Amino acid sequence: MKRFALAFAAASMFALPALAGPQYVDETGFAVSGYDVVAYRSLAQAPVGQSQPEGVKGRADITAEYNGSTFAFSTEANRDAFVANPAFYAPQYDGHCAYGVSKGGKVPGNPNLWRIVDDKLYLNITDVVVGFWEEDIPGNLNLAQGNWPGIEGKDASTNTIPKFTSQAPIKN
């Protein structure tokens with residue numbers, strides 16, 4: 001009987017849906033500080049070691065819900081693309097800093113400190129952290145992927161993004 005119970009418990013674990021952790025939402029009340037996550041795909045990504053272009057501000061009247069949070073978009077077409085495949089566009093680690101996750105914690109992600117790696121959007125918290133992240137992106141991703149299952153379900157960061165004030169989403 002014990003063997004059956006163990007086998008059933010193991011099988012049940014694989015049948016349960018994977019739940020996303022809570023999304024990082026700052027004082028704007030929007031995921032990714034009100035920036036358009038689809039628009040990152042159209043920005044020219046700077047080489048490692050150089051600053052990325054700023055993200056594109058979303059609009060308060062063009063939004064979609066995902067992972068318990070509101071995302072803002074600069075265009076209806078971007079919103080529609082997001083709604084069709086939100087997991088593709090949403091930042092990894094529920095909008096938390098990728099380097100912070102590689103170190104085992106959840107800290108805010110800055111929408112202007114971004115990089116797309118292997119077709120996934122990653123955010124970081126400060127310029128200094130970006131430098132550490134970019135010293136070894138594959139190694140840091142490996143560490144983050146290993147840490148994420150243990151911290152994903154924990155509360156989202158409630159910290160303010162240092163040296164950043166969002167002007168997004170744009171109100172019309």
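**Helix 6 and its surroundings**

Let's start with packing. The buried residues of helix 6 pack against helix 4, strand 3, strand 4 (120-124) and helix 5. Contact here means heavy atoms within 4.5 Å. Buried means under 20% relative accessible area, exposed means over 50%, and partly exposed lies in between, using a 1.4 Å probe and protein chains only. Helices (H or I, at least four residues) and strands (E, at least two) are DSSP runs, numbered from the N terminus.

A word on the source. This is a predicted model, in which local features need pLDDT of at least 70 and side-chain atom pairs count only at pLDDT 80 or more, while totals for chains, interfaces and linings use all residues. Residues are numbered from 1 along each chain as its sequence is written, and side-chain values use heavy atoms, with hydrogens and water left out.

Now the overall layout. The chain has six helices and four strands. Along the sequence the pattern is α-β-β-α-α-α-β-β-α-α. Of the 172 residues, 44% are buried. Take the contacts with a separation of 6 or more: 66% of them join residues 24 or more positions apart.

Back to helix 6. This helix covers residues 137-151, 15 residues in total. From first C-alpha to last, helix 6 reaches 20 Å, close to the expected 21 Å. The expected span is 1.5 Å times one less than the number of residues. Helix 6 does bend, by about 25 degrees at Gln145. That bend is the angle between axes fitted to the seven residues ending there and the seven starting there. A proline, Pro149, follows within four residues.

Which residues of helix 6 are buried? They are Ile137, Asn140, Leu141, Ala144, Trp148 and Ile151. Look at Asn140. Its relative accessible area is 7%, so Asn140 counts as buried. Leaving out residues up to four places away in sequence, Asn140 touches Tyr99, Ser102, Phe132 and Trp133.

Ala144 leads us to Lys103. Lys103 sits in the loop between helix 4 (98-102) and strand 3. The two residues are 41 apart in sequence, yet 7.2 Å apart in space, C-alpha to C-alpha. Is Lys103 buried or exposed? Lys103 is exposed, because its relative accessibility is 56%.

Next, Tyr35. Find it in the loop between helix 1 (2-15) and strand 1 (59-66). With 3% relative accessibility, Tyr35 is buried. Beyond its neighbours within four places, its contacts include Tyr40, Pro111, Phe164 and Ala168. Ile170 is 135 residues away along the chain, with 9.3 Å between the C-alpha atoms of Tyr35 and Ile170.

Ala168 takes us to the backbone. Most residues other than glycine have a negative phi, and most peptide bonds are trans. The bond joining Ala168 and Pro169 is cis, with omega about -10 degrees. Pro169 lies in the segment after helix 6.

Two residues have a positive phi to look at. Asn67, not a glycine, has a phi of about 55 degrees. Asn67 is in the loop between strand 1 and strand 2 (69-73). Its relative accessible area is 21%, so Asn67 is partly exposed. Lys163 has a phi near 55 degrees. Lys163 belongs to the segment after helix 6. At 89% relative accessible area, Lys163 is exposed.
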